[in-house]
Amino acid sequence: MRRRQLLTLLQGGQLIVFYITISYILQSMVPFFIFQYMALMLIFIFVKSIKGFVLLIAYTFVMGTGYLLLGFIKSYGILLQGEAIIFHLAFIINASLIYTTTYIAKGLEEENLILRKKVDELEDYVGPSNLLTKQEFENRSSLIRSAMARRGEEGYQIIISVEKMSPYIQKSTFNTLTNIALEVFRSQYDLVGKWDDDTFILLLQNTDEEGMRIALNRYLSKIKLKMDLEEENLIIKTQEIGSKDKGMAI
Amino acid sequence: MSYILLVNSMVFSKIILYYSVLTICGLYYRTRKRVVKPLVNYPRVDVLIPAHNEGRVIQHTLEAMVELDYPGELYIYLLNDHSQDETEDIAEAFARTYKNLHHIRVPKGEPKGKSRVLNYGLSISNSEYFVVYDADNQPEPQSLRLLVEAAVNTPKAGGAVGYVRTVNENKNLLTRMISLEFQIFQLLMQSGRWFLFNTGSLTGTNMLVKRSTLAEVGDYDVYALAEDAELTLRITSRGQLLPIVPEAITWEQEPEELGVLIKQRTRWLQGNLYLLEKMFSSFEYYKGKMLVHTLQQILVYIIFLVFLMISHGWFIAGLLGIISPNIQLPFLLIWYMSYLVYTCQAFSAQVVEGTASPINMLVGFISYFTYCQLFIFLFFRSLFYYIKARRRKEVIKWDKTIRF
């Protein structure tokens, strides 16, 4: 059975057990039971699975010992002892169900996040754009660099960061700049890739320094047509690739 | 009668409470993140493997030994105690191939058994630390390094104790129950007691001891059938600690047949009876941390057993209608709590070890009524043979566990 199906089944069971408990078993202590129920739910939401388990076991023992003590103090007869056992079982079955459903749900949520991250890594492009993902950029860049080295060509990598921009407009600026980059640079020849949330990278192949500056100025001019950007807020680093490996900041 | 039942109930309730606390402490210690402190210099270590007719398992054991990932000098000694099977050939092949693996033929001697073989191994080796592995053990590569780090980094440590897991757990119901018993033992007796009292018990295998500690307390007692428990007491009596390292894991084969288990456990219990006899012969066993071990021994083998017998007798007599209680005590609740505590221990151990599965949980539910009750039979069987041997002034024979 898949964990998602198991969770659905357990959640159904949890509701039924809760209803039976408050309607037929613990009618005399409903407020106390609901208080515990809510407290356990909150605790399990905020603590890690294994710590939650230690608490569940401690809860089971403390409740059991409590009933045992009551049994001694109040000299419980066989019927009352049986009732105490049923009460205790009702408490721990409910607690176990809360624990299980909470941690299966948390597990699925964590698994989903991990899978989402993996899918993002495996994708070639960021979302619906033609912007390459970091991994895809690295893969293609590595192939291009090898080919350039073989042919004795030179080229440039330009790293552009918007981290100095106001946080309010970082995202929109990043999207606009990468969209313009995809228009300006030769789509079949040069690479435009996302490095992190506020940095992207361009790879210009078979270009000398002069060619790179012409292309970069064309790009900056295009930006100025659309945006009123203060250049000091943009971090641009260039790095020569191919036969020499030099870096400089503009 | 009422007075006996009242005392019986009170004692059982206290035992339940003690084991509840031990379970929670064991769970806490077991799940706590430990910081590994690597050493600048790793001391030289000798690995001692006593072996007698271990042809079925020794190849896997030696394969695991040569894969131990230990940064310091390491010497492996296969102590061959007159094996008549292929142990000799396998050990020789490994010794010819690996420079640090030595095949040692132990001279004949009496009494037979592991202790004498280990003493011989100690006499021909001289590293700062030695570690003992049974001949059916497959330690994980990092286990020895973790044991040494714990022993060196823990002040006043005379060694360190690792964790034993069952390699053939899924073979049948019996091996699943043995595995569960081991997991509970590690969780409560080892992790829980280490957390509460800073006491650890040597487990016979996957245990590291400092050579200087052994020089101080003396060699293995050749008459002790539970040589690990006996050595634990002597080390503890010198104020030295035995830290528990649950991450240092070895995989061990457990009996797959009831007959083999009964023989093995009879030997272990006779070893524990030997210790009990010693405990009642000297006040030395009631000082300092020794008291924890002594009380544990007395609690399990005398108090618990006696009261368990009373409880069982009372239950059967009640069922047969021989006696009817005229005292109002919560017997049913005590029984329920005993079952609950044991079952929670079983589940806790499974959750911590990642072995929880529907079949293993079922084993946890039924073990209390089946496997655990075997203890009573085993105890009286061992007691019978122990008293018989003592009366005849015989040395109890070392029954080697059959491998599968």
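**Reasoning about chain B**

Modeller: This is a predicted model. Chain B has 13 helices and eight strands.

Colleague: What makes a run in chain B count among the helices or the strands?
Modeller: A helix is a DSSP run of at least four residues, a strand one of at least two; by that rule chain B comes to 13 helices and eight strands.

Colleague: Why does the radius of gyration of chain B agree with a compact globule?
Modeller: A compact globule with 404 residues would have a radius near 22 Å, and chain B has 22 Å, so the two agree. Along the principal axes, the C-alpha atoms fill a box of roughly 75 × 50 × 45 Å.

Colleague: What share of chain B is called buried?
Modeller: Buried means under 20% relative accessible area, and 57% of the 404 residues in chain B are buried. The accessible surface of the chain is about 17,900 Å², with 60% belonging to carbon and sulfur atoms.

Colleague: Which residues of chain B are called "transmembrane region", and where does that come from?
Modeller: An unreviewed UniProt entry lists residues 6-29, 298-323 and 365-387 of chain B under that name. Such annotations may be inferred rather than shown by experiment.

Colleague: What is the helix content of residues 6-29 of chain B?
Modeller: That span is 100% helix and 0% strand, and its end C-alpha atoms lie 35 Å apart. Residues 298-323 of chain B are 88% helix and 0% strand, with end C-alpha atoms 30 Å apart.

Note on methods
Residues numbered from 1 in each chain as written. Chains lettered and ligands numbered in written order. Predicted model: local features only at pLDDT ≥ 70, side-chain atom pairs only at ≥ 80, totals over all residues. Heavy atoms only, no water. Rg over C-alpha atoms; globule rule 2.2 N^0.38 Å. Buried < 20%, exposed > 50% of the residue type's maximum accessible area, 1.4 Å probe, protein only. Areas by Shrake-Rupley, 256 points an atom, 1.4 Å probe, with all protein chains shown as cover.
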